[in-house]
Amino acid sequence: MRTLIRGLGELCITAGLVLLLFVAYELWGTGRYTREQQDRLGKELTKAWQAPAVTTEKVKLGRGLALIRIPKLGRDYRYVIVEGVTRADLRKGPGHYPGTAMPGEVGNFVVSGHRTTYSAPFNRIGELRRGDRILIDTRRRQFVYQVTGRRIVEPDDVEVIAPVPNHPRRRPTERLITLTTCHPKYSAAERLIVHGRLVETRERVAAPTSPQAAD
Amino acid sequence: MYAWIWRHLPGERLRTKALAALALAAVVVALLWYVVFPWLEPKVQFDHGVVDGPTPSASASPHR
């Protein structure tokens, strides 16, 4: 009897330790996968951009679409945006909602990303304030968006990603960007939304300054 | 359980036994971290930053 109870106790302690290790893996281990995928997507994207443009260029789900950079979050802050927002897509990096506007288009360019786990690309977007810049690099152009506001909504509040946020019926006239992520950190109870507006379009510098893209 | 493992660890002296125990623990942790967790993790998801309707991850048509 005593052996049984002791065995049970040891099992419980072991299970607790394994769970703790799993939490650690969630937070820090999952980033390895994202980094691998980002490296791969970044190389693919650079290669595709160097090749001559095809007239009917269409981004496939799960493939790289553009680069996002946010100077406020550090000079090295740079992710490849993936087309699609399924779980598999978001494990690779921030994802563009299929069907919403493409970068620089009239409408709403919506990007979703992990706040924690999987390299946590959008971990610090809560620090963005009005006027901070979000840079989106595409094949030819760089789109400079400026943050206009920030809010916290329910997870099923799809109106924030409408072409005109919060007015699903209205026709868009402005070129907007919307970033969505989980809120609060380590939870999925709500969503943190950052809105921005296109302020400038310029030619993309051929070789981005970061060393990764140079190869 | 742990007492049983301790008795079956190789080595006569306490030091070698302790080393063997550490090595065993390291192997278990590595196995969990690199094999079990990567397989298990996609099946449980805690953090999904998508705004969507009542069905999360069915996000091909965000406009409804």
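Student: How much of residues 21–40 of chain B is helix, and how much is strand?
Tutor: Over residues 21–40 of chain B the chain is 100% helix and 0% strand, with end C-alpha atoms 26 Å apart. Helices (H or I, at least four residues) and strands (E, at least two) are DSSP runs, numbered from the N terminus. Please keep in mind that this is a predicted model, where local features need pLDDT of at least 70 and side-chain atom pairs count only at pLDDT 80 or more, while totals for chains, interfaces and linings use all residues. Residues are numbered from 1 along each chain as its sequence is written, and chains are lettered from A and ligands numbered from 1 in the order in which they are written.

Student: Which UniProt annotation covers residues 21–40 of chain B?
Tutor: The unreviewed UniProt entry gives "transmembrane region" for that stretch. UniProt positions are given in the numbering used here, feature names are shortened, and annotations may be inferred rather than shown by experiment.

Student: Where is the kink in α2(B) centred?
Tutor: The kink, of about 40 degrees, is centred on B:Leu32. The bend at a residue is the angle between axes fitted to the seven residues ending there and the seven starting there.

Student: How many of the 27 residues of α2(B) are buried?
Tutor: The number is zero, so α2(B) lies largely in the open. A residue is buried if 20 or more other C-beta atoms lie within 10 Å of its own, exposed if 12 or fewer, and partly exposed in between; C-beta atoms are placed from the backbone.

Student: Turning to chain A, which residues does the "active site" annotation cover?
Tutor: According to the unreviewed UniProt entry, they are A:His114 and A:Cys182. They span 69 residues in sequence, yet no two of their C-alpha atoms are more than 6.9 Å apart, so they gather at one spot.

Student: Where do they sit, and are they buried or exposed?
Tutor: A:His114 lies in the loop between β4 (107–112) and β5 (133–137) of chain A, and A:His114 counts as buried because it has 24 C-beta neighbours inside 10 Å. A:Cys182 is in strand β7 (residues 175–183) of chain A and, with 27 such neighbours, also counts as buried.

Student: What about A:Arg129, buried or exposed?
Tutor: A:Arg129 counts as exposed, with 11 C-beta neighbours inside 10 Å. A:Arg129 lies in the loop between β4 and β5 of chain A.

Student: What do the strands of chain A form?
Tutor: They form a closed barrel of eight strands, running β1-β2-β3-β4-β7-β8-β6-β5, with mixed pairing. Two strands pair if DSSP finds at least two bridges between them. For instance, β6 (residues 141–153) and β8 (residues 190–203) of chain A pair in the antiparallel sense over twelve bridges. Within that pairing, A:Gln146 has A:Arg197 in β8(A) as its bridge partner.

Student: Which residues does the cis peptide bond join?
Tutor: It joins A:His183 and A:Pro184, with omega about -15 degrees. A:Pro184 is in the loop between β7 and β8 of chain A. Most residues other than glycine have a negative phi, and most peptide bonds are trans.

Student: What is the phi of A:Tyr186, then?
Tutor: A:Tyr186 has a positive phi of about 70 degrees although it is not a glycine. A:Tyr186 is in the loop between β7 and β8 of chain A and is partly exposed, with 13 other C-beta atoms within 10 Å.
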